[in-house]
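Hi,

Here is the structure I promised to pass on. Have a look at it first, and then read my notes below.

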Amino acid sequence: MFTDFTIFGSSLSLLQPGERGVVNGVESVYEATVQELRAMGIVPGVTIILEQRSPAYKVIVGGDRLILCQKSADAIYVRLTARSNSAPIQAAGMAGVLTALFQWLGATQKNNRRIEFAEPHIQSPQGKD
């Protein structure tokens, strides 16, 4: 199961409806899950779009609509190519990383989530501030 998240990729289960990506890999402790996903056409290199997350994951792969359980969604790792507003993710070096980060921060603030960045507390060698 993929649990890592990068600015450009994540487990399918972490995507929001409308987001799309390219499958980077399929990995599970259950070989049957991997085989089922391959049989559905979910293999590295294929584009996948998440339509809904609940009550089950509904995805579009190669023009086909598929229903996936949580275990299957956790097994799919994708490289994000578009957000739910259909804007492509810019990945041109550091500028692309910063653009994607600021887009994510803007979306997070719109969802009324609070983000705080604490200033580092530096203590003097004598233990006095």
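What follows is a short tour of the fold, the core and a few residues.

First, the ground rules. This is a predicted model, where local features need pLDDT of at least 70, side-chain atom pairs count only at pLDDT 80 or more, and totals for chains, interfaces and linings use all residues. Residues are numbered from 1 along each chain as its sequence is written, and side-chain values use heavy atoms, with hydrogens and water left out.

Now the fold. The chain has three helices and six strands (DSSP runs numbered from the N terminus: helices are H or I with at least four residues, strands are E with at least two). Reading from the N terminus, the elements go β-β-α-β-β-β-α-β-α. Six strands form an open sheet in the order β1-β6-β2-β3-β4-β5, with antiparallel pairing (two strands pair if DSSP finds at least two bridges between them). Its edge strands are β1 (9-11) and β5, each of which pairs on one side only. On average, neighbouring strands of the sheet are turned by 40° against each other, direction ignored (the axes are lines fitted to C-alpha atoms, for helices over the stretch in contact, and angles run from 0 to 180 degrees between N-to-C directions). Inside the sheet, β2 and β3 pair in the antiparallel sense over three bridges, and Gly21 stands opposite Ile48 in β3.

A few totals for the chain: buried residues make up 32% of its 129 residues (buried means under 20% relative accessible area, exposed over 50%, partly exposed in between, with a 1.4 Å probe and protein chains only). Among contacts with a separation of 6 or more, 62% are between residues 24 or more positions apart (contact means heavy atoms within 4.5 Å).

Next, the core. The largest nonpolar core has 20 residues, and Leu12, Val23, Ile42, Ile48, Val59, Leu68 and Ile76 touch the most other members (such a core is a set of buried Ala, Val, Leu, Ile, Met, Phe, Trp, Tyr and Cys residues joined through side-chain atoms within 4.5 Å). The elements that give two or more residues to this core include β2 (20-26), α1 (31-39) and β6 (76-82). In soluble globular proteins, nonpolar side chains tend to be buried together.

Val23 sits in strand β2 and is buried, with a relative accessible area of 2%. Beyond four places in sequence, the contacts of Val23 include Ile42, Ile48, Ile76 and Tyr77. Val59, with residues up to four places away not counted, touches Leu12, Ile48 and Leu68, among others.

How many salt bridges does a search of the whole structure find? It finds one (a side-chain nitrogen of Lys or Arg within 4 Å of a carboxyl oxygen of Asp or Glu). The partners are Arg65 and Glu51, with their closest N and O atoms 2.9 Å apart. Arg65 lies in strand β5 and Glu51 in strand β3, so the pair ties together parts that are 14 residues apart in sequence. Arg65 is exposed, with a relative accessible area of 58%, whereas Glu51 is partly exposed at 28%.

Last, Thr33 in helix α1. Thr33 is buried, with a relative accessible area of 3%. Leaving aside neighbours within four places in sequence, Thr33 is in contact with Ser28, Lys71, Ser72 and Ala75.

Cheers
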